[in-house]
Amino acid sequence: MAARASRKLLRDFLFRRACTAPIASARHCSSAAETAPKIPHFSKKGRLLTGTFLGLVIGGGAYVSTVDEATFCGWLFSATKLVNPFFALLDPEVAHRLGVSAAARGWVPREKRPDPSNLGLEVWGRKFSNPVGLAAGFDKNAEAVDGLLGLGFGFVEIGSVTPVPQEGNPKPRIFRLREEGAIINRCGFNSEGIVAVAKRLGAQHGKRKLDETTSTSSSSGEEVKPGGKAGPGILGVNLGKNKTSEDASSDYVQGVHTLSQYADYLVINVSSPNTPGLRMLQGRKQLKDLVKRVQAARDEMQWGEEGPPPLLVKIAPDLSKEDLEDIAAVALALRLDGLVISNTTVSRPDPVSTNPVASEAGGLSGKPLFNISTSLLKDMYNLTRGKVPLIGCGGISSGEDAYKKIRAGASLVQLYTAFAYGGPALIPQIKAELSECLERDGFKSVSEAVGADCRVATAKV
């Protein structure tokens, strides 16, 4: 396609040159008896620019027509780095909106290269092509699911979605700490509400079903490909509560009833620091009552052969040892399908503490959160004895970071802040680095490496 476009551009250029030359000659030959015809004159600079342009067109067309799809795809992802400085000049929330809009309109590269075979895994009976996902908070209203999955994420989590639309906290509410690779936000569950999100997911779901029907008729259908209700990747739906709601359980139940039919997994978010009283739901009794009610709401719905979507809880990193033990006990007793570890922190660890922006209220994400959340992840893996699948989230900015999360007990990992800074080019980079880490240490798959550091610690004891 790119080659055809280059040839067309060259053809049109030459055609315009051919058409304009006679006109210029006729103008100079208005009195043929008096003067001889003059050849149109082009300056040396003009000839140089013309030659350069033609060279680029011909060379570019020749290059695109000869390179393989994988090489061209890699070039497109690398090219997105050129846009990052532009986004850095914008207000953080404006940059965020532009990023979502670009993904929604397909103005981002689409990954055509297969993931390394050692990154594939199965969790909750769902096949993931790779364990690297996008955390909730980026696509809050399910505007860009297809575009984001097309970037090569193994899964994308939308939300948090609240039952009733709400604006969230006053602006400004997002603050960059660029040198520390961090962000402070106090958005406060700004959401278009479950009705708007359900309409959007419903339309996307219908289009995918139509595409699947068309593609199935032209293929044998014998090969089972990774993916879920979102098509090529797995879709998670993160549920939140409204700020003014007095019955949190009812809010989450509404979310389950309205959105679970489109989700490959559901997340109860009880850990955002920006909604007053929300983190109180992490207490043992409160969490147990909440999970029971949401599980009942999910299970009373009619499901096909795949069964209901797995239910997870997202917890905060600012928890005591007793809090962790209570959450682990609830997760095991109620057979919770998983935990997301962790949300943003209200603490300001070094080197953030010396940054003037650190005084802003809100949750801190990014590199400074990595050690805190990874330590918490390892503790929870040990407390649940590896029986509860965990999603590691917080501070991942490289394949090595993702690998450390996996060794600490995560079956899947998520990033957000690093993606906001690094853009699409970061995704294939992390996947390639993660694959190399697995090979380096002799693991044939992600599943083999899950909890490796915890096993080593146990063996030493």
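Modeller: Let's start with the term for handedness: a crossing is left-handed if the near helix is turned anticlockwise from the far one by less than a right angle, and right-handed if clockwise. Helices here are DSSP runs (H or I, at least four residues), numbered from the N terminus, while strands are E runs of at least two. Keep in mind that this is a predicted model, where local features need pLDDT of at least 70, side-chain atom pairs count only at pLDDT 80 or more, and totals for chains, interfaces and linings use all residues. Residues are numbered from 1 along each chain as its sequence is written, and side-chain values use heavy atoms, with hydrogens and water left out.

Now the pair itself: H8 covers residues 248–259 and H9 covers residues 284–299, and their axes come within 9 Å, crossing at roughly 25°. That makes H8 roughly parallel to H9 (angles under 35 degrees count as roughly parallel, over 145 as roughly antiparallel, 65 to 115 as roughly perpendicular and the rest as oblique). The axes are lines fitted to C-alpha atoms, for helices over the stretch in contact, with angles from 0 to 180 degrees between N-to-C directions. As for handedness, the crossing of H8 and H9 is right-handed.

Who touches whom? On the H8 side you'll find Ser249, Ser250, Tyr252, Val253, Val256 and His257. They meet Leu290, Arg293, Val294, Ala297 and Arg298 of H9, contact being heavy atoms within 4.5 Å.

Elsewhere, the charged end of Arg105 sits over the ring of Trp107, 5.8 Å from its centre (CZ of Arg or NZ of Lys within 6 Å of the ring centre and within 35 degrees of the ring normal). Ring pairs also link Trp124, Phe128, Phe155 and Tyr265 into a cluster (rings of Phe, Tyr and Trp, its six-membered ring, pair if their centres lie within 6.5 Å; planes under 30 degrees apart are stacked, over 60 edge-to-face, the rest tilted). By this rule the count is ten aromatic pairs.
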